[in-house]
Amino acid sequence: MKAEKGVESVLQHQLSQQESEALSRLQSLPSISPGDSSTFYEHFILRGIRVDRVQPGLVSCSFKVPPRLTDESGKLCNGAIANLVDEVGGAVVHVEGLPMNVSVDMSISFLSTARVDDELEITSKLLGRKGGYSGTIVLLKNKATGELIAEGRHSLFGRHNSKM
């Protein structure tokens, strides 16, 4: 009974003006198809990203900043930048058929800001690999101005192909 009362109080909670405005900036909730192993989180952060180029050790993407990833002043949230560094940095070292690598360390330099509808170029390069440990660098640039928005260093660990 106690848990039910807690749920009722949450359901009856009135949204504050700030919460209501934040909710209204969400364009739509992603639909996840049966059999799709990705999460709501991945759909939320990555919806709208376009992969432009893939080659060994390099992934280049384009991304138009959506309102759902901005703060109250219309700037791309630092948390969204960190998520993009994590996802695109992990993509460059992913090996098909193996589980995704686990982030070991990330450091991000936030150099500028991006606003709603700014087109970003996100480039991830493999810096090196030693056994199951990989290091990447991820650059987020404004496509129109060439301005560097953020630079992220991302290290990951994962299973690697056996030499046997």
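## Overall picture

Of the protein's 164 residues, 29% count as buried (under 20% relative accessible area; exposed is over 50% and partly exposed lies in between, with a 1.4 Å probe and protein chains only). This is a predicted model, where local features need pLDDT of at least 70 and side-chain atom pairs count only at pLDDT 80 or more, while totals for chains, interfaces and linings use all residues. Residues are numbered from 1 along each chain as its sequence is written, and side-chain values use heavy atoms, leaving out hydrogens and water.

## Fold and contacts

You will find 4 helices and 6 strands here, in the order α-α-α-β-β-α-β-β-β-β along the sequence. Helices (H or I, at least four residues) and strands (E, at least two) are DSSP runs, numbered from the N terminus.

Among contacts (heavy atoms within 4.5 Å) with a separation of 6 or more, 59% join residues 24 or more positions apart.

## Helix H4

Helix H4 covers residues 78-91, and its 14 residues should span 20 Å at 1.5 Å a residue, which agrees with end C-alpha atoms 20 Å apart. The expected span is 1.5 Å times one less than the number of residues. Buried residues in H4 include Ala 80, Ile 81, Leu 84, Val 85 and Val 88.

## The surface

The protein exposes about 10,500 Å², with carbon and sulfur atoms supplying 54% of it; such areas come from the Shrake-Rupley method with a 1.4 Å probe, and for residues only the protein chains shown count as cover.

Val 104 sits in strand S3 (residues 102-110) and counts as exposed because its relative accessibility is 52%.
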